[in-house]
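Hi,

Here is the model I promised to pass on.

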Amino acid sequence: MPRCPETKRSGTSCRDRPAEHDRPPRGGRRLSATRRGARLARLLATEQLRSWGLPLEDAGRVIAELAANAALHGYVPGRDFRIMLTVTGDTLRIEVADARGDVLPRVPERTDESEAGRGLLLVEAIAIRWGVQVGPFPRKTVWAEVALTGT
C-alpha cells in the first residue's frame with residue numbers, strides 16, 4: 001500500500017482523505033479500433049468486473065457490442081477507442097468513446113429483415129438506459145447503464 005505522508009501545505013493527512021474502498025470503482029483503457037481491440041476490450045473489462053466482484057453476463061454483452069461498434073463504425077486510421085467503466089450504487093456505467101462523432105449509432109427498425117445491425121437492440125433490451133454524447137470534436141461517447149441487481 002502506498003504511503004501517504006502528512007502534507008504541511010494543505011494541512012490534510014491520509015486520515016482526512018476518503019479511503020480508496022469508499023470511492024466508486026472506476027477503470028478505463030485505450031485500445032486499437034480493430035476487431036482485436038474490441039475483443040480485448042471485452043476480455044479486459046469483464047476481468048475488471050470480476051476483480052470488483054460484479055456480475056458479468058449482461059454487462060459483458062453490452063461491453064462487447066459497444067466495443068465492436070467502436071471498432072467497426074468508429075474506426076479512423078491511427079486513432080484508438082476508449083472504454084470506461086464506473087460503478088455508482090447498483091449501476092454500472094459503460095462508456096465507449098471513438099473518433100467518429102460524425103457517425104451516430106442508429107437502432108434499426110424492428111421489422112427490418114437484415115440479420116446485421118441488431119446489437120443496439122440488445123443494448124436497448126439489457127441497459128436501464130443508453131445514449132450518445134457528441135464531443136469534443138471529433139469524438140463521440142456511446143454509453144449504457146446496466147443494473148447490477150435484478151431488474
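**Strand pairing and salt bridges**

Strands S2 (residues 80-88) and S3 pair in the antiparallel sense over seven bridges; strands here are DSSP E runs of at least two residues, helices are H or I runs of at least four, both numbered from the N terminus, and two strands pair if DSSP finds at least two bridges between them. Before you go further: this is a predicted model, where local features need pLDDT of at least 70, side-chain atom pairs count only at pLDDT 80 or more, and totals for chains, interfaces and linings use all residues. Residues are numbered from 1 along each chain as its sequence is written, and side-chain values use heavy atoms, with hydrogens and water left out.

Back to the hairpin of S2 and S3: two residues lie between the strands, and Gly89 has a positive phi near 60°. Val87 stands opposite Leu92 in S3, and Leu92 also stands opposite Val146 in S5. S3 and S5 (residues 140-147) run antiparallel, joined by eight bridges. S3 itself covers residues 91-98, and seven of its eight residues are buried (buried is under 20% relative accessible area, exposed over 50%, partly exposed in between, with a 1.4 Å probe and protein chains only).

Now the charges. The structure holds nine salt bridges, each a side-chain nitrogen of Lys or Arg within 4 Å of a carboxyl oxygen of Asp or Glu. One of them joins Glu145 and Arg93 at 2.8 Å, N to O. That pair links distant parts of the chain, with Glu145 in strand S5 and Arg93 in strand S3, 52 residues apart. Glu145 is buried at 11% relative accessibility, while Arg93 is partly exposed at 23%.

What else does the charged end of Arg93 do? It sits over the ring of Trp143, 4.3 Å from its centre (the cut-offs are NZ of Lys or CZ of Arg within 6 Å of the ring centre and within 35 degrees of the ring normal).

Elsewhere, Glu57 and Arg61 meet in a salt bridge at 3.1 Å, N to O. They are about one helical turn apart, because four residues separate them in helix H2 (residues 57-73). Glu57 is exposed at 54% and Arg61 partly exposed at 40%.

Arg100 and Asp102 form another salt bridge, at 2.9 Å, N to O. Arg100 is partly exposed, at 25%, and Asp102 is exposed, at 59%. There is also a network: Arg93, Glu95, Arg129 and Glu145 are joined by salt bridges that share partners.

Cheers
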